[in-house]
Amino acid sequence: MIKKFVHLPNLFKLGFFCLAISVYAADNTPLNTPNTIKGIPIALQKLHDEQVNINFNNASLQNIADEISTLFNITFLPDDALKKTDGTPLGKGLADHKVTFNTHRVLTASEALNLFKTFLELAGFSMIATYDPLVYRITSIDNANKSPLPTYINSPIESLPNNDTRIRYVLIIVNNSPKDIGATLTKLKSKQATIESFDDLNALVLTDRAYNVRGLVEIARELDTGNLPETLSVMKLQEADADEVAKTIENLKQKDGQRPQWGAAAQKQTLFYFPSDVKLIPSRNNTLIILGGKEGVKRIENFISEHIDKKLKTNYNLLHVYPLNYALAEPIADILTQVVQFGKTNGADPNISATRYFSDVFIQAEKQSNSLIIRANKEDFSMLQPIILGLDIQQPQVAIEVLIVDLRLNKTRGLASQVRSRSDKTINWQTSGFFNNPASVPQLASDGSLLGNLLELVKILNVNLTGATLLSLGKTSVWALFGILQQTTQSRVLSNPFLVSTNKYKAAVSLGTIRNVATQSISSGSGTPTQGFTQISAELRVTIIPQINEFGIINLNIEVLIEEFTQSEANTASTDPSLGNKEIRVVKTNANVADGEVLALGGLIKSSSSSAISGTPVLQRIPLIGRIFSNQSDENDKENLVIFIAPKIVQPQQKTSQYYTENKADFLEQQFASFKRDDEGFQPNDPIRKWFFDPDKINQSEQTLEFLYATQTQKEAKKQALEAAIEEEEKATEKEKMEEEETKKKEAQKAEKKSAEPLSTPVAKKKSPIMNVATNKGQAS
């Protein structure tokens, strides 16, 4: 039977004490009354189901308070709202605290209010009610602990709010001294909590956040079940969950079939591993409070440390990241994906069933880091590693020189005449077809006769008569027009791109122009149509994929694309869609070339000739005179496209880029020198050209070569500095050797002089200091 230390006079004291606390908290409706929501004031419960989204980024606590005030239609009265006579606020302000928080989910209004209370507690504030249910005071936690708060008198733990609402709880102690239990709880309470002990009333008053009060009350009631336990241990768990550990230990104790037996005098249990007199209470921050006998608490602690609160052994990681050094991740991933599929189909040879095949393996290429992401078990990954190592090897490079020669030749010759009757007669005549041009129609006079001025043909055909020589007969009105034309157009285009590509990887170079071509017209009513333009490119693109076999032969997969616009922008309107017309020439082939050989592609692409004769029948056949009555033009076109490709294998240890940089720099220097010679040979003594055009500024060869040789110059400077340092060091070493030899020589000379002295010369003997002392002592005696 448990003895209760509660006397009759103390009961009257406890009643008056509870009555005083009830009056003190009269403005705060108890939160454990029926039809209320725990932790939310009654005036605000109508909004508890509203949806709220919390997302604060460096927001001040004052701004959050304003948001909550608007949401619940309440008023907050912070301490800094009132100021002293000197203008300083009475307390700390909310604006000095910043909050960054995102719930990543939608909260109810009640959850948002509880979250706001947590923010206040973290900042050292608390929210307490006032006489007005819609006005709340925000003050420091110290002030809040001394203010009217929701009060609970020995209420069940389940009736307390499970949040950060600050409450006051009166705990009645039955079996032990409140002072002793209060001393134990003081070691476990939070910094902001207060615990007051009233021994004459056998009561403890706890003031803290509701969540913390629940834990303290549970511990106090366990301590008040009888005599105080021998040991109280607080164990911070690192890996396991405190609630789960407490449940596990309790289940193991129940299986032992023992009944609890408290007190130091309890008989020691030796038949069971888990003592029945040990109580485990999970607390906040994943802490486990262990109460009971010293031996039992120690046994439970050891069991938890050795078997429960341990980091679980992780299984083998199936995901692997394999970085590649030389090969690209995508083709390697494709190859390995095909490899791991071998033997999985029904068509596998049954005779090789003993061969080990791969299980389910997933391989994905990651372009950014050039790595393989592999999901495989340990055995499969160990089989894939040597395959990857065999594929991820440093490949030789191929330096590819390309020379594209595009030659075009166009020759045009023509004899033309157009004549008419000289004066107005009954019968008038006129020929047509000047230079066989469709636009050269008969020219009519103002009265509609065939006596028009033939000089108008020159205006009509001015573009087509470039380079022609014309002869006209007639002063005021030209009645005869003769012309002779010879045009020769040569076009030479040399392109010399060079590329460096790794074995089996594509290398491409592109050069071209882009035009804005009218491709659509939008009309609105009677206004001017609006043109829509599209960018069309014409480019020279060379794409080569080299592959080197074991004999040093290079297989080249070649594609050369040459695009040219057929219309000139200078002679065509900007809105003419024909500006986008292109001539496209493509060369695609695959060839094997030895290292350093030159491959030639192309040749005579097109050769065409045309001849046009028009004139008056019969008359045009008369020798000499027939030329007056006829027009003839001949045109010959030839196009040649020759492509030279010279691949060169460059091993990884060679300085590929530096080799080609120096090679191209030398070539460019020769080209600039050639340009300069050509420039100097063109009107070298013309002072106006030198003054106006200033050809020295146009030639930028020095700046270009300076850029190309900048690195080489730096290397040369470093090399010279190193050579100078080595030379200085050699000189210093040589000087030291000479001085050492000179010293040895002088010492040898001294030794020779010393050996040449007479042997009869007495040699002074050095006296020992000890002997001197002994002699002096003898003389003194």
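Colleague: In which loop is the place of asparagine 154?

Modeller: Helices (H or I, at least four residues) and strands (E, at least two) are DSSP runs, numbered from the N terminus. Here, asparagine 154 belongs to the loop between strand S6 (151–153) and strand S7 (166–172). The model is predicted, so local features need pLDDT of at least 70 and side-chain atom pairs pLDDT 80 or more, whereas totals for chains, interfaces and linings use all residues. Residues are numbered from 1 along each chain as its sequence is written, and side-chain values use heavy atoms, with hydrogens and water left out.

Colleague: What is the value of phi at asparagine 154, and is the residue buried, exposed or partly exposed?

Modeller: Phi of asparagine 154 is near 50°, which is positive although the residue is not glycine. For exposure, buried means under 20% relative accessible area, exposed over 50%, and partly exposed in between (1.4 Å probe, protein chains only). Asparagine 154 has a relative accessible area of 34%, so this residue is partly exposed. Phenylalanine 435 also has a positive phi, near 55°, in a residue other than glycine. Phenylalanine 435 sits in the loop between S16 and helix H11 (456–460) and is buried, because its relative accessible area is 12%.

Colleague: How many residues line the largest pocket, and which are the closest to its centre?

Modeller: On a 1 Å grid over the protein atoms alone, a cavity is a set of points where a 1.4 Å probe fits but cannot get out; a pocket is an open set with protein on both sides within 12 Å along at least five of seven lines, and lining residues have an atom within 4 Å of a point. Points are joined across faces, edges and corners, and a volume is the space filled by probe spheres set on them. The largest pocket has a volume of about 980 Å³. Its lining has 30 residues, and Asn410, Thr412, Gln487, Thr489 and Glu635 are the closest to its centre. Two or more lining residues come from each of strand S16 (397–419), strand S18 (480–495), strand S22 (553–565) and strand S25 (630–650). Asparagine 410, in strand S16, is buried at 18% relative accessibility. The side chains of asparagine 410 and threonine 412 make a polar contact of 3.3 Å. Beyond four places in sequence, asparagine 410 touches Gln487, Thr488, Thr489, Glu635, Asn636 and Asp637.

Colleague: How do the residues of the lining of the largest pocket divide into nonpolar, polar and charged?

Modeller: Ala, Val, Leu, Ile, Met, Phe, Trp, Tyr, Cys and Pro count as nonpolar, Asp, Glu, Lys and Arg as charged, and the others, Gly among them, as polar. The lining of the largest pocket has seven nonpolar, 13 polar and 10 charged residues.

Colleague: How many cavities of 30 Å³ or more does a search of the whole structure find?

Modeller: The search finds two. The second largest cavity has a volume of about 40 Å³, and its lining consists of Lys117, Leu120, Glu121, Ser126, Met127, Asp164, Thr165 and Arg166.

Colleague: How far apart are isoleucine 289 and valine 234, in sequence and in space?

Modeller: They are 55 residues apart in sequence and 4.6 Å apart in space, C-alpha to C-alpha. Isoleucine 289 belongs to strand S12 (residues 287–292) and is buried at 2% relative accessibility. In the protein, residues 24 or more positions apart account for 65% of the contacts with a separation of 6 or more.

Definitions and conventions: Contact means heavy atoms within 4.5 Å. A polar contact is a pair of N or O atoms within 3.5 Å; within protein, one must be able to donate a hydrogen and the other to accept it, and residues adjacent in sequence count only if both atoms are side-chain atoms.
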